[in-house]
Amino acid sequence: MTTFLRFPFRLTIVAAIVASIGLLDSFYLTLQHYIGFPTVCLVANGCAIVLTSSYAILFGVSAALLGVLYYSALLLLLLRALETRRIIFLLLFGCMSVFGFLVSAWFVYLQLVVLSAICSYCMISAASSLLLFVFSVWLIINYRFTHYE
């Protein structure tokens, strides 16, 4: 028997808000990296250590800029899902957020174990990735063997 679920409108809105927070955070760090925008660490004192480490650059590009691209792609998928009410966009979002969560977990490991420094802005991005991952797991579990009404 096939179970039909309603489109998760509210959760998609919440995910879009979380993705927007991640996007703004990454955009701020991108400005800091490329323009020299001053960074004021919110809680911890390790922002300068983390943001100037060799791990802040991936493939010659700022990790923050890659974060901007990542969160922008997630936000576009969520907005497209809201516009069309098609679950496929949420499933693509789910797949991307799993990857983003794994990358974010790696960066948290680097901060805590390798650099012994915590960047509060990086932790905001990590928290955003974690929340988006949790939302994705919920989607995958609830839409795995179901069809959209």
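## Helix packing and cysteines at a glance

Helices α3 and α4 run roughly antiparallel to each other, with an angle of about 155° between them and their axes 9 Å apart. Please keep in mind that this is a predicted model. Helix α3 also packs with α1, and that pair is roughly antiparallel too. Elsewhere in the briefing you will meet the one disulfide found in a search of the whole structure, which links Cys 41 and Cys 47.

**Helix α3 with helix α4**

- Helix α3 covers residues 63-84, while helix α4 covers residues 87-115.
- The crossing of α3 past α4 is left-handed.
- On the α3 side, the residues in contact are Ala 63, Tyr 70, Ala 73, Leu 74, Leu 77, Leu 78, Arg 80, Ala 81 and Thr 84.
- Their partners on α4 are Phe 89, Leu 90, Leu 92, Phe 93, Met 96, Ser 97, Gly 100, Phe 101 and Phe 107.
- Sorted by class, this contact is made of 14 nonpolar, three polar and one charged residues.

**Helix α1 with helix α3**

- Helix α1 spans residues 9-35, and its axis comes within 8 Å of the α3 axis.
- The two axes cross at roughly 155°, which makes α1 and α3 roughly antiparallel.
- Here, α1 passes α3 in a left-handed crossing.
- The contact of α1 with α3 contains 16 nonpolar and seven polar residues, and no charged ones.

**The disulfide**

- The sulfur atoms of Cys 41 and Cys 47 lie 2.0 Å from each other, and a pair within 2.5 Å counts as a disulfide.
- The torsion about this S-S bond is about 75°, so the disulfide is right-handed.

- Cys 95 counts as exposed, because its relative accessibility is 53% and the cut-off for exposed is over 50%.
- Cys 119 is buried, with a relative accessible area of 0%.

Technical notes:
Residues numbered from 1 in each chain as written. Predicted model: local features only at pLDDT ≥ 70, side-chain atom pairs only at ≥ 80, totals over all residues. Heavy atoms only, no water. Buried < 20%, exposed > 50% of the residue type's maximum accessible area, 1.4 Å probe, protein only. Axes fitted to C-alpha atoms, helices over the stretch in contact; angles between N-to-C directions. Helix = DSSP H or I, 4+ residues; strand = E, 2+ residues; numbered from the N terminus. Parallel < 35°, antiparallel > 145°, perpendicular 65-115°, else oblique. Left-handed = near helix turned anticlockwise from the far one by under 90°. Contact = heavy atoms within 4.5 Å. Nonpolar A, V, L, I, M, F, W, Y, C, P; charged D, E, K, R; others polar.
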